[in-house]
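Please open the model in your viewer and keep the selection panel at hand.

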Amino acid sequence: MKSVIALKPKAKLYHRKCIDKAPDDRNNYFNLGLAYLNSGNPKMAIDQFNVAFEKEKKDSDITYYLAMCYEQLEDYMAALEYLAASLEIDPRNASYYDKRAAIYDILGQYEKAIEDYLVSISIYPNDCQIHQELGRLFNQIGNEEKAVYQFQMAQEKGCSNP
């Protein structure tokens with residue numbers, strides 16, 4: 001759902017004009033939020049994503065990007081809450097499990113990170129990068145057998161440097 005326009009330098013001005021023209025369209029606030037997030041301003045992005053969320057509470061992309069904002073602000077507990085909301089709306093989205101696993105990893109909660117990556121790999125079994133992450137995490141907790149297996153799976157799935 002990421003807008004190409006959100007990556008351009010004048011995106012914020014463009015999206016503000018879109019909001020002026022159609023203030024009830026949640027996409028305009030979402031895209032302005034992306035523009036702020038992509039320009040390194042997660043606090044302003046949160047404001048826009050919250051407006052979009054008020055207009056569409058069942059959109060897991062909004063809660064996912066709110067989680068990304070809070071991750072950038074290093075408010076990992078808030079990020080985890082928004083990822084839980086994303087997963088409640090869309091429990092088959094492997095990216096949401098991947099992001100939550102990465103945050104658990106940052107927090108040193110390796111077992112939880114492994115659990116989420118295992119769910120992710122059950123959804124997309126050919127994702128070699130997730131096998132690599134699992135190998136690294138199993139190595140981190142001292143389970144060499146599972147680490148080796150995951151690194152082998154990563155190679156089989158196409159990763160060249162596990």
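A salt bridge is a side-chain nitrogen of Lys or Arg within 4 Å of a carboxyl oxygen of Asp or Glu. The model is predicted: local features need pLDDT of at least 70, side-chain atom pairs count only at pLDDT 80 or more, and totals for chains, interfaces and linings use all residues. Residues are numbered from 1 along each chain as its sequence is written, and side-chain values use heavy atoms, with hydrogens and water left out.

**First selection: Lys99 and Glu71**

Select Lys99 and Glu71, which form a salt bridge with their closest N and O atoms 2.9 Å apart. Lys99 belongs to helix 6 and Glu71 to helix 4 (residues 60-72), so this pair ties together parts 28 residues apart in sequence. Helices are DSSP runs of H or I with at least four residues, numbered from the N terminus. Lys99 has a relative accessible area of 19% and is therefore buried; Glu71, at 18%, is buried as well. Here buried means under 20% relative accessible area, exposed over 50%, and partly exposed in between (1.4 Å probe, protein chains only).

Next, display residues 76-89 (helix 5) and 94-106 (helix 6), whose axes come within 10 Å and cross at roughly 155°. Axes are lines fitted to C-alpha atoms, for helices over the stretch in contact, and angles run from 0 to 180 degrees between N-to-C directions. Helix 5 and helix 6 are therefore roughly antiparallel, a term for angles over 145 degrees. Across this contact (heavy atoms within 4.5 Å), residues of helix 5 including Tyr76, Leu80 and Leu83 meet residues of helix 6, among them Tyr97, Lys99 and Ile103.

Move to Lys55 and Asp24, a salt bridge with 4.0 Å between the closest N and O atoms. Lys55 lies in helix 3 (residues 42-55) and Asp24 in the loop between helix 1 (11-21) and helix 2 (26-38), so the pair links parts 31 residues apart in sequence. Lys55 is partly exposed at 35%, whereas Asp24 is exposed at 67%.

Then select Glu54 and Lys57, whose side chains meet in a salt bridge (3.1 Å, N to O). Glu54 is exposed at 55% relative accessibility, and Lys57 is partly exposed at 44%.

Highlight Asp105, Glu133 and Arg136, which a network of salt bridges links. The whole structure contains seven salt bridges. Finally, select Gln150 in helix 9 (residues 144-156). Is Gln150 buried or exposed? At 7% relative accessibility, Gln150 counts as buried. Leaving aside residues up to four places away in sequence, Gln150 touches His131, Leu134, Gly135 and Phe138.

Definitions and conventions: Helices (H or I, at least four residues) and strands (E, at least two) are DSSP runs, numbered from the N terminus. Angles under 35 degrees count as roughly parallel, over 145 as roughly antiparallel, 65 to 115 as roughly perpendicular and the rest as oblique.
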